[in-house]
Amino acid sequence: MKLTQKETGPILSPEARVVEVILFLENEPVSLEKILRMTGFSHEVALDTLGELKDHYTLYMHGLDLKENQGAYQFSPSADLHEKLRGCYGKRVDRRLSKAALETLSIVAYSQPVTRREIDNIRGVTSDTIVRLLREREYIKVVGRKDVPGHPCLYGTSRKFLYEFNLSSISALPKLSDIDRERFVKENEEKEES
């Protein structure tokens, strides 16, 4: 959609204004399907509207950018503002999670899908409480069951994890160093032997 100009500045289409407010009020990533349900727009109109919002926020250098991640849309701070905001907001996740919780979350992120027992083996201590905490805070979720006796839950990271750590997908995780990679491979081989 083409942006229009008024004497006071750019004007968004009525459809774009509705989607903008939905994204603001939901305060979490919103899927295209949910936008379609909430607005009654056609698929084409919804995509055009999201494109209009993205162009508008980029062209007029707002403090926010419209981001798409795994089919869900949300506003996030513009990339050029990250350094300015880091002091106030950069440690938001770290403050809420203990070192043990961050360690467990890292294991899940790099080893997923992974069982709780496999997490325990890597950490060397039981992780029941931490896994429960990470599930309650929606950083990890059950992604299936392992085909072994007892069928333990397999855990993986959630969309919230990607959002909180500003990742577009799990493949955007920093690469493990060769030493860490070897350690993970060795630990995973030991897990499968036991």
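**Salt bridges and nonpolar cores in the predicted model**

At 10% relative accessibility, Glu 118 counts as buried (buried means under 20% relative accessible area, exposed over 50%, and partly exposed in between, with a 1.4 Å probe and protein chains only). Salt bridges that share partners join Arg 116, Asp 120 and Asp 128 into one network, a salt bridge being a side-chain nitrogen of Lys or Arg within 4 Å of a carboxyl oxygen of Asp or Glu. The structure is a predicted model, in which local features need pLDDT of at least 70 and side-chain atom pairs count only at pLDDT 80 or more, whereas totals for chains, interfaces and linings use all residues. Residues are numbered from 1 along each chain as its sequence is written, and side-chain values use heavy atoms, with hydrogens and water left out.

A search of the whole structure finds 5 salt bridges. Asp 120 is buried, at 11% relative accessibility, while Arg 116 is partly exposed at 30%. Arg 116 also forms a salt bridge with Asp 128 (2.9 Å, N to O); because Arg 116 lies in helix α7 and Asp 128 in helix α8 (residues 128–136), this pair ties together parts that are 12 residues apart in sequence. Asp 128 is partly exposed, with a relative accessible area of 37%.

For Glu 118, the salt-bridge partner is Lys 146, at 2.6 Å, N to O. This pair links distant parts of the chain, 28 residues apart, with Lys 146 in the loop between β6 (140–145) and β7 (153–157) and Glu 118 in helix α7. Lys 146 is partly exposed, with a relative accessible area of 25%.

The largest nonpolar core has 20 residues, and those with the most contacts inside it are Leu 105, Leu 134, Ile 140 and Phe 161; such a core is a set of buried Ala, Val, Leu, Ile, Met, Phe, Trp, Tyr and Cys residues joined through side-chain atoms within 4.5 Å. At least two residues of this core come from each of α6 (99–111), α7, α8, β7 and α9 (159–164), and α6 supplies the largest share, 5 residues. A second, separate core of 15 residues includes Ala 16, Leu 50, Tyr 57 and Tyr 73.

Notes: Helix = DSSP H or I, 4+ residues; strand = E, 2+ residues; numbered from the N terminus.
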